[in-house]
Structure formats: structure tokens, C-alpha cells
Amino acid sequence: MEDHEKVFLVVSGVISWTSAFLLTKKVFSKRSFDFSNRIVSTIHAVFAVVLSSLSVQDWRCPVCPLAANSSPLQMRALAVTLAYLIYDLACCLFDTKIKIDNSVHHLVCIVGVVAGLTYEKCGSEMVAAMWIGEISGPFLHLRELLKELGYKDTDLNLAADVSFAAIFTLARMCCGPYLCYVVTQSANNPFLIKAMALGLQLVSAFWFYKIARMVKHKLTKRSTTKT
């Protein structure tokens with residue numbers, strides 16, 4: 001893929017995601033900034049999972065071929081996600097409360113995806129990381145959307161919390177470490193991509209700790225309330 005094609009995809013993607021946010025904000029004018037952004041984020045999560053699934057070359061080994069040249073479909077999938085990450089990082093900075101861990105996560109991802117698009121290598125590993133990173137996204141955003149819609153501390157919100165925690169744990173703490181090992185142990189992978197894999201796994205471990213505490217608190221609170 002030519003450099004101008006990559007730039008066009010990313011720039012048009014940023015404009016598209018921003019337009020989707022502005023449209024959502026207009027439709028849900030009485031809702032918060034975060035509410036509209038999470039709807040757009042949910043749409044991206046679905047797109048990312050679908051595009052990464054379609055770009056897998058061999059489902060018997062989803063991360064194969066290792067350290068190989070990226071296919072055009074993989075490059076397009078990465079460009080779409082890079083555009084979203086740039087848009088969402090801007091949203092994080094415009095939000096009323098800046099979350100440091102979320103901003104660091106976005107910056108690590110942006111550097112890694114830019115490296116992947118620049119080197120045009122590790123396409124299989126990159127889309128696998130995208131799939132792992134976004135598969136729990138819809139449930140993450142659903143739990144926050146439900147709170148704003150007035151379903152906080154309900155069975156529905158608890159189900160969303162537990163579903164998110166379960167999928168996150170399976171994806172990030174089971175599949176994630178394996179992918180990190182595969183990427184970092186391959187001598188043919190660029191240093192930036194190896195650093196991104198390790199950085200993302202460390203961020204995932206930190207979030208897993210926070211999610212485990214959240215679920216424990218929710219379940220304890222639930223059982224205490226019933227008692």
C-alpha cells in the first residue's frame with residue numbers, strides 16, 4: 001500500500017469518526033459527552049472485531065504467518081483503528097476528567113499501529129492484538145451507558161459488569177500473554193512493535209487488577225444488600 005493511501009485512510013477515518021460523534025451528540029443532545037463518545041466507541045469495537053476477523057489468513061493459526069508482510073486488508077483494518085485512536089485520544093483530552101492510564105494506552109497503541117503501517121510487517125500479530133483489545137469493548141461501554149440511562153446497581157448492569165470482566169480476562173490475560181510472547185520472541189519483528197506488545201500487556205495487567213477489584217466490590221455489595 002502506498003504512503004498516500006495510508007494517509008488518506010487515516011485522515012478520512014478521523015473525519016468520519018468525528019462526524020459520527022457529532023451526529024450522535026446531536027441525536028442524544030440531552031446526554032453527556034461521554035455517552036455519545038461511548039456509542040461511537042462501541043461502533044468501532046464491532047468494526048475492529050469484524051475487520052480483524054476477516055483479515056485472518058489461517059484460522060488454524062490466527063497469528064500466522066509470523067513476522068510476515070501485512071496484507072492490504074490488514075493494512076486497511078489497522079488504518080481504521082489508528083484513525084479511531086487519534087479521534088478518541090482527542091476526546092479523552094477534551095473530557096472533563098483526563099484519565100492518565102487511558103491516555104497512555106492510546107499513545108502506546110498509536111505508536112504501535114503507526115509502526116505496523118510504516119514497516120508493513122507483523123499484520124497477523126497486529127490484527128490479532130486488535131481483536132484481543134476490542135472484543136470486550138462493547139461490554140465495557142454498555143456498562144457505562146446503562147448507568148447513565150438509570151440502570152446503575154441493577155441486575156442488568158451487574159450482568160454487563162460480569163460479562164465484561166469475563167471476556168476481558170479471557171482475551172487480555174489468556175490470549176494476550178501468548179500473543180505478547182510470540183511477538184517479542186520473534187527476531188524479525190521491529191523493536192517498536194515488540195515494545196508495543198509488552199506495553200499493552202502491562203497496561204492490560206493493571207486494568208485486570210482494577211477490574212478484579214471492581215467485580216469483587218460489586219458482588220460483595222450485592223450479597224450484603226440481599227442479606
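The exercises below work through a predicted model.

**Exercise 1.** Work out how helix 3 and helix 4 are oriented relative to each other, and which residues make the contact.

*Solution.* 
- Step 1: start with the axes. Those of helix 3 (72-94) and helix 4 (100-119) come within 9 Å and cross at roughly 150 degrees.
- Step 2: classify the angle. Angles over 145 degrees count as roughly antiparallel, so helix 3 is roughly antiparallel to helix 4.
- Step 3: list who touches whom. Helix 3 brings M75, L78, A79, L82, L85, I86, D88, L89 and C92, while helix 4 brings N102, S103, H106, L107, C109, I110, V113, V114, G116 and L117.
- Step 4: You get 14 nonpolar, 4 polar and 1 charged.

**Exercise 2.** Compare the span of helix 4 with its expected span, then find which of its residues are buried.

*Solution.* 
- Step 1: helix 4 has 20 residues, and at 1.5 Å a residue the expected span is 28 Å.
- Step 2: from first C-alpha to last, helix 4 reaches 29 Å, close to that expectation.
- Step 3: now for burial. S103, H105, H106, C109, I110, G112, V113, A115, G116 and L117 are the buried residues of helix 4.

**Exercise 3.** Describe the backbone of E120 and C122, and decide for each whether the residue is buried or partly exposed.

*Solution.* 
- Step 1: recall the background. Most residues other than glycine have a negative phi.
- Step 2: E120, which follows helix 4, has a positive phi of about 55 degrees without being a glycine.
- Step 3: C122 also has a positive phi, near 60 degrees. C122 sits in the loop between helix 4 and helix 5, and E120 lies in that loop too.
- Step 4: check accessibility. E120 has a relative accessible area of 25%, so it is partly exposed. C122 comes out at 0%, so it is buried.

**Exercise 4.** Find the cis peptide bond and say where its proline is found.

*Solution.* 
- Step 1: look at omega. The bond joining C64 and P65 is cis, with omega about 0 degrees.
- Step 2: P65 belongs to the loop between helix 2 and helix 3.

**Exercise 5.** Characterise the packing of helix 2 against helix 5.

*Solution.* 
- Step 1: helix 2 (residues 33-54) and helix 5 (residues 123-134) pack at about 145 degrees, with axes 9 Å apart.
- Step 2: their crossing is left-handed.
- Step 3: H44, A45, A48, V49, S52 and S53 of helix 2 meet V127, M130, W131 and E134 of helix 5.

Methods. Residues numbered from 1 in each chain as written. Predicted model: local features only at pLDDT ≥ 70, side-chain atom pairs only at ≥ 80, totals over all residues. Heavy atoms only, no water. Axes fitted to C-alpha atoms, helices over the stretch in contact; angles between N-to-C directions. Helix = DSSP H or I, 4+ residues; strand = E, 2+ residues; numbered from the N terminus. Left-handed = near helix turned anticlockwise from the far one by under 90°. Contact = heavy atoms within 4.5 Å. Buried < 20%, exposed > 50% of the residue type's maximum accessible area, 1.4 Å probe, protein only. Expected span 1.5 Å × (residues − 1). Parallel < 35°, antiparallel > 145°, perpendicular 65-115°, else oblique. Nonpolar A, V, L, I, M, F, W, Y, C, P; charged D, E, K, R; others polar.
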